[in-house]
Amino acid sequence: MGGQNSFPIGLEGIAVAETVLSKVDGAAGRLIIAGEDVENLAGRASFEEVAARLWAADGEPPAAHEVQSALGRARQEAFLSISSLGDALDAADAMDALRAAVAHLTEEARAAGPRWAAAARITAAVAVFAAAWARRRAGAGPVPPDPSAGHARDYLSMLRGSGPAHREVDALDTYFVTVVDHGLNASAFAARVVASTGSDMVSAVTAAIGALKGPLHGGAPGPVLDMLDHVGRPERAREWLGSELGARRRIMGMGHRVYRVRDPRAFVLERAIERVQAAIADAAAAPIAERLELARAVEREATSLLAAAHPDRALRANVEFYTAILLEAIGIPRGLFSATFAAARAAGWTAHVDEERRKGRLIRPSSLYVGPVPRGRAGPT
Ligand code: COA
């Protein structure tokens, strides 16, 4: 709580919107996305099926194949626009590049097409721009999309220039579904605030990208891998983490504003990593197994040290912890982790924008002024 007129700092526990998109139950460690528990969706429903449900909101969802075709066409359209993005994709940081590139889009009204057409165009463009940025950083040209492929498969193909293995597509699709929406997280809230002013969907998504970039939100998985690299071996975990906490630095991938138990998405992603590992030959799986062993040791020690330091606040592994291991296992470069998150979350952001427009009212909270008040106001003349 803050100040003499108490209010929850960071709006903790304050509901500011009604939504049918997703529900986060922090005490039970339960996440419902579009009416289904995340464990039942991830690995079973495709990204397109889940996006269809989110974009339909409380109406009848479009067929997944319609969404897949719309995303495919939109990827082609976004790919053709790359040459007109100026230096947007030259930024050193993927999220800076994404923010600048997405800002070039427009949400023009089109006579033909479903209500969710703009959401599909923006979501597809995020994936195309993220992949093109990574190619450029690697000194390679952009790879044209395959409009008939799914969002996850084509993202990997556009990154590599060659077809990914089935296990990799399955893992990325599972990841995309797992992170597609998550209640009123900071970036969805940012998007809703912009949408509530009557502004356009591109502006709302641009704001959301800015919010996602922060290390307390979507910027954590890269630093999680940096942490594992620093720790190096499981037996060094406790000492390394202890010195970080001693220096009052936060352990990335640990803690959550809402969950008071382990993030349910950490379980889902941990299982997805095990599936990738099981699907490849022993020798190739060894580095993944080693990473996983190290990650589990770091999580164990971090959980124990954080419990001792904060006995009143359960700080457990969050989604970003195992995101880092999963994305690394399927060859996504670490500088692209947050942008890959955005390639899925864009479907959630656009669904929030649509919902806000249909149900919301200008979001305009107030602040408590704690500055000086001049004496003897003369009054209007
Ligand atoms: N490492 C070390 N200490 C942490 C911590 C972490 N990961 N997360 C929270 N804490 C500490 C805070 O510093 C605070 O300590 P204090 O009371 O001595 O100041 C205390 O725990 C309570 O923090 P809390 O109120 O729960 O934090 P929050 O709700 O404002 O923050 C996060 C939630 C996610 C921002 C926070 O846990 C965090 O920074 N995690 C690391 C970044 C991360 O993984 N982000 C991805 C989130 S999905």
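Me: Where does the ligand sit?
Reply: In the largest pocket. Bear in mind that the model is predicted.

Me: Which residues come nearest to the ligand?
Reply: There are 20 residues around the ligand, and Arg250, Ile251, Gly253, Arg257 and Arg313 come nearest.

Me: How does that shell divide into nonpolar, polar and charged?
Reply: The shell has 9 nonpolar residues, 6 polar ones and 5 charged ones.

Me: What lies 2.8 Å from a nitrogen atom of the ligand?
Reply: A backbone N or O atom of Ile251. Gly253 also has a backbone N or O atom 2.8 Å from the ligand, but there the ligand atom is an oxygen.

Me: And which ligand atom does the side chain of Arg313 go to?
Reply: An oxygen atom, with a polar side-chain atom of Arg313 lying 2.6 Å away.

Me: How much of the ligand's accessible area does the protein cover?
Reply: On its own the ligand has 860 Å² of accessible area, and the protein covers 76% of that.

Me: Changing topic. How many salt bridges are in the whole structure?
Reply: A search finds 27. One of them pairs Glu107 with Arg357, with the closest N and O atoms 2.9 Å apart.

Me: What does that pair tie together?
Reply: Parts that are 250 residues apart in sequence, because Glu107 is in the loop between α4 (94-102) and α5 (117-137), while Arg357 is in helix α15 (residues 337-359).

Methods:
Residues are numbered from 1 along each chain as its sequence is written. This is a predicted model: local features need pLDDT of at least 70, side-chain atom pairs count only at pLDDT 80 or more; totals for chains, interfaces and linings use all residues. Side-chain values use heavy atoms; hydrogens and water are left out. A residue is near a molecule or strand if one of its heavy atoms lies within 4 Å of it. A polar contact is a pair of N or O atoms within 3.5 Å; within protein, one must be able to donate a hydrogen and the other to accept it, and residues adjacent in sequence count only if both atoms are side-chain atoms. Accessible areas come from the Shrake-Rupley method with a 1.4 Å probe; for residues, only the protein chains shown count as cover. On a 1 Å grid over the protein atoms alone, a cavity is a set of points where a 1.4 Å probe fits but cannot get out, and a pocket is an open set with protein on both sides within 12 Å along at least five of seven lines; lining residues have an atom within 4 Å of a point. A molecule sits in a cavity or pocket if more than half of its atoms lie within 2 Å of its grid points. Ala, Val, Leu, Ile, Met, Phe, Trp, Tyr, Cys and Pro count as nonpolar, Asp, Glu, Lys and Arg as charged, and the others, Gly among them, as polar. A salt bridge is a side-chain nitrogen of Lys or Arg within 4 Å of a carboxyl oxygen of Asp or Glu. Helices (H or I, at least four residues) and strands (E, at least two) are DSSP runs, numbered from the N terminus.
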